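Dear colleague,

I am passing the structure on to you with this message, and below it you will find my notes on what turned up when I went through it. Please read them with the sequence and the coordinates open beside you.

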Protein chains: 2
Amino acid sequence: MRIAVLGGDGFVGWPTVLHLSDLGHEVHILDNLSRRWIDTELGVQSLTPMDSIQERCRIWKEVTGRALQFHLLDLAREYERLRGWLAEYRPDAIIHFAEQRAAPYSMKSDRHKVYTVNNNTNATHNLLAAMVESGIDAHLVHLGTMGVYGYSSVGAAIPEGYLDVEIENLEGEKKDLEILYPTRPGSVYHMTKSLDQILFQFYAQNDGLRITDLHQGIVWGTHTDQTRRHEQLINRFDYDGDYGTVLNRFLIQAAIDYPLTVHGSGGQTRAFIHIQDSVRCIELALADAPAAGERVKIFNQMTETHRVRDLAEMVAGITGARVAYLPNPRKEADENDLVVKNDQFLALGLNPTTLQEGLLGEVVDVARKYAHRIDRSRVPAVSAWTKDIARRVERDPEGKALKSVS
Amino acid sequence: MRIAVLGGDGFVGWPTVLHLSDLGHEVHILDNLSRRWIDTELGVQSLTPMDSIQERCRIWKEVTGRALQFHLLDLAREYERLRGWLAEYRPDAIIHFAEQRAAPYSMKSDRHKVYTVNNNTNATHNLLAAMVESGIDAHLVHLGTMGVYGYSSVGAAIPEGYLDVEIENLEGEKKDLEILYPTRPGSVYHMTKSLDQILFQFYAQNDGLRITDLHQGIVWGTHTDQTRRHEQLINRFDYDGDYGTVLNRFLIQAAIDYPLTVHGSGGQTRAFIHIQDSVRCIELALADAPAAGERVKIFNQMTETHRVRDLAEMVAGITGARVAYLPNPRKEADENDLVVKNDQFLALGLNPTTLQEGLLGEVVDVARKYAHRIDRSRVPAVSAWTKDIARRVERDPEGKALKSVS
């Protein structure tokens, strides 16, 4: 297949590119390299030393003999070029990662909110409009997030995309209606993924576009079978307060003898998936495209759920690190249950990597190995969800009002 | 109150401005005048001769002694100026009409789709972000549309914004959950209003913004008590295939002896409201603001429902016009029922103008009076929802495959 990976320079994009190339597909990377620019803006860098995308592609060719093509293109701002590219290359499948993906970054300031909505919504919609206009029949696979559902629900298991509800019709009879599972996003970033869902529903219905939306959990881990093949193919690893996801941050904190920072009670339950499973899921989703005219296919892309404080204790157990409870800069429930259905990927043959087996390797092979590259000043999470919360955190940055270090 | 009317130069915006000014409020118009630019793009003009917004404001001052302030500002593209304006003027209420509002225009081409999503989504989101950032406590009243719900449902009465559904929790108990009534928009334009709903839900929840969303039916009629006061205060009246709404188009067609063009079987049922009731509803909604932290208040802003072919027959009955059935350029169900709850506005004292009482006046005072200004070539509706439909309409523009002229 000819596959376009939009955002193929990013944290999940890059290993996806390699995984699909390794399977023998012709892979094209379309990226505006905005994630590298944001590193520059924030003054942070990947823990793992990361070469330019052009250099990475060169190395992959050298190691495997397989070519990757990189195209510098801004989906949100270059509609005409995007349409032209699609019309010329006519990909069979498009994997769409090309969105600003950090909730804390999206809540940093009004400028960051405006950027995130503008970038993400226009990127997705431009892509859909260009697919229709160029008349290609590509399967679109989009990376969404479990976070669209929020985490303060009635505690029901989250199904895969749809919910059957009963509605009383005009004759007073009960009728079943299938609806998109209602979203309640908790950040501007998550909100944009909720908007995407509406865009997909419309273009599948009006234009028969074939779309799969993957509602992904928090991705952890660094290496995949392909990124291991050469030091310069290594994946990025973010540990800063904005882009670092919770588990990666704990690993780093342990490696530099920084307390593992749990925000609030740590009773928030989240869904997780290892990067290796993430790229495998994309392979499985690609092979299971909906037909034209079918509703959007939605998968929950996650393999296990954990409370944040339990993760901290797990990492502390392996590394001997201590755990610190800090004020929560997010507006969210202190405690929540989370049960997620992922039957579809399991049925398609996904065989998950568990935290239990993968965690120690991350500590040794990544966190300790690159510990000398860590900038301690970038570890705290400082983006607050509202001005009130910002003031509260500022008054008590060490969370003295909470129970202290455990 | 100090009230900002965003999009105050438009079809419902302008009479709202006058209505609120007449009630004694200090009214500011913020508008980028895009609707006038689109007239230029399409080569169409309002049936009623329309002065510049500056001249209209001058006339209103002359007639009533009341000042209106006009500010040229592009919500979607000038975030910083918008935030600055809000911080300086600190309005008590904001009425938000500032979106591209024609479904056919939004489906004209990929450029029009991209423009509509970019403009509408950024306009609404910029406004929300700027309200939070400037720290004002204004009540936001937004003009949405009944069309977010689509028209091919199970035939249930459409409630005002929310739906109670039953969800099974982890213990297997049935629990009630209130969700936004699920949307299924039928055009890119309607889709943007569905996106707006998600934006409102988030900002009400995260930042405590006080928001009312009015899901309006199709507006008909021209005059309000205020626009009648001077010839130069007259409201705009669109009759072209993109911006003309169905009833206004029938009136014009009758006035120039053009057949009343029904698309498809005319079995589509739509919700309607007179422009006078529309501005009254906004007054009522303003006086009934939600509290901070409350969910978004949603009203259905309509007063009656009719099938399109029945409207055509009604206008034909008054005027002697004939009715022509043409192929439908839209992708929609040929026939649908529609029952809409509007209990909230009735309870607040709305006393609807019925088609029965208002229609003849429109025929005489508007359609016949300005018939000499009609450009017949602009009457056909040519924007097709998909390329397939466009080809079908092109092959059979007069709908010979359908039953012919009645």
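To begin with a cysteine, is B:Cys57 buried or exposed? With a relative accessible area of 8%, B:Cys57 is buried, and A:Cys57, also at 8% relative accessibility, counts as buried as well. As for disulfides, a search of the whole structure finds zero of them over all chains.

Please keep in mind that this is a predicted model. Chain A has an average pLDDT of 94, and 98% of the residues score at least 70, while the complex as a whole is given an ipTM of 0.96 and a pTM of 0.96 by the predictor. Where pLDDT is low, the predicted coordinates should not be read in detail.

Salt bridges

Over all chains, the search of the whole structure finds 61 salt bridges, and I describe a few of them here. In chain A, the side chains of A:Lys369 and A:Glu231 meet in a salt bridge, at 3.7 Å from N to O. A:Lys369 lies in the loop between H12 and helix H13 (387–395), whereas A:Glu231 lies in the loop between strand S9 (218–220) and H8, so the pair ties together parts of chain A that are 138 residues apart in sequence. Both partners are partly exposed, A:Lys369 with a relative accessibility of 45% and A:Glu231 with one of 44%.

In chain B, a salt bridge joins the side chains of B:Arg295 and B:Glu178, with an N to O distance of 2.3 Å. This pair, too, links distant parts of its chain, as B:Arg295 sits in the loop between helix H9 (275–286) and strand S12 (297–301) and B:Glu178 in strand S7 (residues 174–180), 117 residues apart. B:Arg295 is partly exposed, with a relative accessible area of 45%, and B:Glu178 counts as partly exposed at 37%.

A local pair is found in chain B as well, where the side chains of B:Arg58 and B:Glu55 meet in a salt bridge of 2.9 Å, N to O. Both of these residues lie in helix H3 (residues 53–64) of chain B, three residues apart, which is about one turn of the helix. B:Arg58 is partly exposed, with a relative accessible area of 43%, and B:Glu55 is partly exposed at 22%.

Back in chain A, there is also a network of salt bridges, in which A:Arg35, A:Asp39, A:Arg101, A:Arg236 and A:Asp238 are linked.

A:Ala254 is placed in helix H8 (residues 246–255) of chain A and is buried, with a relative accessible area of 16%. From A:Met50, which is 204 residues away in sequence, A:Ala254 is 22 Å apart in space, C-alpha to C-alpha.

In chain B, B:Gln276 belongs to helix H9 and counts as buried at 16% relative accessibility. Not counting residues up to four places away in sequence, B:Gln276 touches B:His19, B:His223, B:Thr224 and B:Asp225. With B:Asp225, the separation is 51 residues in sequence and 7.6 Å in space, taken from C-alpha to C-alpha.

Technical notes. Residues are numbered from 1 along each chain as its sequence is written. Chains are lettered from A and ligands numbered from 1 in the order in which they are written. This is a predicted model: local features need pLDDT of at least 70, side-chain atom pairs count only at pLDDT 80 or more; totals for chains, interfaces and linings use all residues. Side-chain values use heavy atoms; hydrogens and water are left out. A disulfide is a pair of cysteine sulfur atoms within 2.5 Å. Buried means under 20% relative accessible area, exposed over 50%, partly exposed in between (1.4 Å probe, protein chains only). Helices (H or I, at least four residues) and strands (E, at least two) are DSSP runs, numbered from the N terminus. pLDDT is the predictor's confidence in each residue, from 0 to 100. A salt bridge is a side-chain nitrogen of Lys or Arg within 4 Å of a carboxyl oxygen of Asp or Glu. Contact means heavy atoms within 4.5 Å.
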